[in-house]
Amino acid sequence: MSELKKQKKVYSKVDIISLVTGSTADIPKTTVASVVDATLDAIKAAIAADIKVTFIGFGTLKCSERKARIGRNPSTGKEIQIAATKSIRFTAGKAF
């Protein structure tokens, strides 16, 4: 774990693939990349279908909807209409 703290603070998908490949010497990088891609695709598909994704000991990902509302432009003070949006919410598990 100490080697993770010495590295950069933001990880890309390529960085995650390299970390997994480094911890399992007998699995090729292309196989790890395929598994990571398939995992992310499955998560995206589940959340798009409004299915909650739970990793026990890590956390839960789910789709969250925010209703349309009226906001205010901070520079002019004029009221503006803010459209409804969907986003992904992450809730950390107890072990995390």
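**Side chains and their partners**

A: Lys13 is partly exposed, at a relative accessible area of 41%. Buried means under 20%, exposed over 50%, and partly exposed in between, using a 1.4 Å probe and protein chains only. Bear in mind that this is a predicted model, where local features need pLDDT of at least 70, side-chain atom pairs count only at pLDDT 80 or more, and totals for chains, interfaces and linings use all residues. Residues are numbered from 1 along each chain as its sequence is written, and side-chain values use heavy atoms, leaving out hydrogens and water.

Q: Which side chain does Lys13 meet in a salt bridge?

A: That would be Asp37, at 2.6 Å from N to O. Asp37 sits in helix α3 and Lys13 in helix α2, so the pair ties together parts 24 residues apart in sequence. A salt bridge here needs a side-chain nitrogen of Lys or Arg within 4 Å of a carboxyl oxygen of Asp or Glu. Helices (H or I, at least four residues) and strands (E, at least two) are DSSP runs numbered from the N terminus.

Q: And how many salt bridges does the structure hold?

A: Three. One of them joins Glu65 and Lys86, with the closest N and O atoms 3.9 Å apart. That pair links distant parts of the chain, since Glu65 is in strand β2 and Lys86 in strand β5, 21 residues apart. Glu65 counts as exposed at 60% relative accessibility, and Lys86 counts as exposed at 62%.

Q: Switching topic: in what order do the strands of the sheet run?

A: The order is β1-β2-β5, in an open sheet with antiparallel pairing. Both β1 (53-55) and β5 (85-92) are at the edges with a single partner strand each, so one side of each has no neighbour in the sheet. Strands count as paired if DSSP finds at least two bridges between them.

Q: How many bridges do β2 and β5 pair over?

A: Eight, with β2 covering residues 59-66. Lys62 stands opposite Arg89 in β5.

Q: Which helix packs on the sheet?

A: Helix α3 (residues 29-48), which touches β1, β2 and β5. Contact means heavy atoms within 4.5 Å.

Q: Back to α2, then: which of its residues are buried?

A: In α2 (residues 13-23), they are Asp15, Ile17 and Thr21. Seen down the axis, they fall within an arc of 160°, so they line one face of the helix. The arc is that of the directions from the helix axis to the C-beta atoms. What covers these buried residues includes α3.

Conventions
Axes fitted to C-alpha atoms, helices over the stretch in contact; angles between N-to-C directions.
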